[in-house]
Amino acid sequence: MSEALALIAAHGPLILFIIILADQSGLPWPMEPFLLGAGALMATGKLAPVPAALSLLSAGLLGNLTWYLLGRRFGGRLLGFACRMALEPDSCVKRTENLFTRHGVKSLLVSKFVPGLDVLGPPLAGAFGVPAGRFIAFDVAGLAIWLGAYVGLGALAHHQLEAAAGWFARLGAGVAWVVGGAFLLYLAFKYAQRVRVTRRLRTSRITAQELKQLIDAAAGPVIVDLRHRLAGRERPVIIPGALVLSPDEVAARHHEIARDRDVILYCA
Amino acid sequence: VALLLMERGIQRVRPLAGGIDAWLALEYPVAPRP
C-alpha cells in the first residue's frame, strides 16, 4: 500500500491512467490498492480530484472500448480465447454469458466488481451487438460506480490506510512471500490437474471421419454439444442426434448420458 | 466437463478433434440447433 501511495503521489493522474489502462486491457494487475491509495491522497489534498477522476474514467473507457470493438469483430471466438486464459475456462464462459444473458448491457454496471468479468463484459457487449452509444453510456456508468466505490472508500478510510501501510512496512516482505507462495501453490495444483486431464483426453480424441464411421456403423455413440449459447448462435447447427448441454447443466443432467457407450464431446 | 463426467462414472469420454468446425469442414450432415 505504501508503494502504491508513493507512486501515485509522485506521478499523479498520468500513473493512474497507465495503471487503469493496463488493468482494463486484461493484465492481472492488483488495482484496488491503487484506487484506495488515490482516494486517500485526494482526501489529504495530495492529489487533485478532477484530473485524477478524468484520467481514471478515460483510461477505463479506452481499454473497454478496445475490447468492445474486438468483441464486435470476432464475436464468441474472442470470449473463448479470453476464457482459455482463466483457471476454469468452462465456468468463465458460463458465468460471463449468464450474467449478460440475464441482465443485458446493465450487467456492465456491476461487472467490474466480479473478478474475471471486468474484462469480459465489454467484448461480450460487442459480440451481442449492443449499439456503441448504449455501450459507452453503461460502461462509463459502471466505471464511475466501481472507481467511485474504491476511491470513496480510500478517502473515507485514509487514516486506517496509513496505519495499514505502516503495519505492512513493519511486517516486511514475509507476509507477501507467504501469501504469494500459497497462491503459486494453488496455481500449480490447478495447472497440474488440467495437464493430467488434457493428456488423457488427447489420447482418446476422435476425428470427424472416425465419428462419421461410428455413426454410420450404428455403433451409437452419445454425442454431446457443449458449445455455450453465443457460439451456438454463430453456428446454429448440431451433429444429428447430439444432446445439447451447456457446461453448467452437465452436473445436473449427466444421468441422461449412457455409461456403456462412447461419449463424444464437442464444442466450437 | 470431461473431468466432471469421469468423476461421475462416465469413463469413455472422447473429445471431437477440431470441434463442430471439423465436422462442418467435411460437409457432413447437420441438424438445426434446438
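This is a predicted model: local features need pLDDT of at least 70, side-chain atom pairs count only at pLDDT 80 or more; totals for chains, interfaces and linings use all residues.
**Salt bridges.** The rule gives me 3 salt bridges across the interface of chain B and chain A. The one I looked up joins the side chains of A:Asp225 and B:Arg33, N to O at 3.4 Å. That counts because the cut-off is 4 Å.

**Polar contacts.** Next I asked how many residue pairs are in polar contact across the interface of chain B and chain A. I got 14, with both partners at pLDDT 80 or more.

**What chain B brings.** I then sorted the side of chain B that touches chain A by element: helix 1 (2–7), strand 1 (13–15), helix 2 (19–25) and strand 2 (31–32) each give two or more residues. Helix 2 of chain B gives the most, with 6 residues. By residue class, I have 22 nonpolar, 3 polar and 5 charged on that side.

**Contacts and area.** For contacts, I count 30 residues of chain B against 43 residues of chain A. The area buried between the chains comes to about 3600 Å², and carbon and sulfur atoms give 68% of that. Which residues of chain B lose the most area to chain A? I find B:Arg12, B:Arg14 and B:Arg33, together 24% of what that side buries. B:Arg33 is already in my notes as the salt-bridge partner of A:Asp225.

**Strand pairing.** Strand 4 of chain A (residues 263–266) pairs with strand 1 of chain B in the parallel sense, over 3 bridges. In that pairing I noted A:Val263 opposite B:Val13. Strand 1 of chain B is also one of the elements on my list for the side that touches chain A.

Terms used:
Residues are numbered from 1 along each chain as its sequence is written. Chains are lettered from A and ligands numbered from 1 in the order in which they are written. Side-chain values use heavy atoms; hydrogens and water are left out. Contact means heavy atoms within 4.5 Å. Buried area is the accessible area (1.4 Å probe) that two parts lose on being put together, summed over both. A polar contact is a pair of N or O atoms within 3.5 Å; within protein, one must be able to donate a hydrogen and the other to accept it, and residues adjacent in sequence count only if both atoms are side-chain atoms. Helices (H or I, at least four residues) and strands (E, at least two) are DSSP runs, numbered from the N terminus. Ala, Val, Leu, Ile, Met, Phe, Trp, Tyr, Cys and Pro count as nonpolar, Asp, Glu, Lys and Arg as charged, and the others, Gly among them, as polar. Two strands pair if DSSP finds at least two bridges between them.
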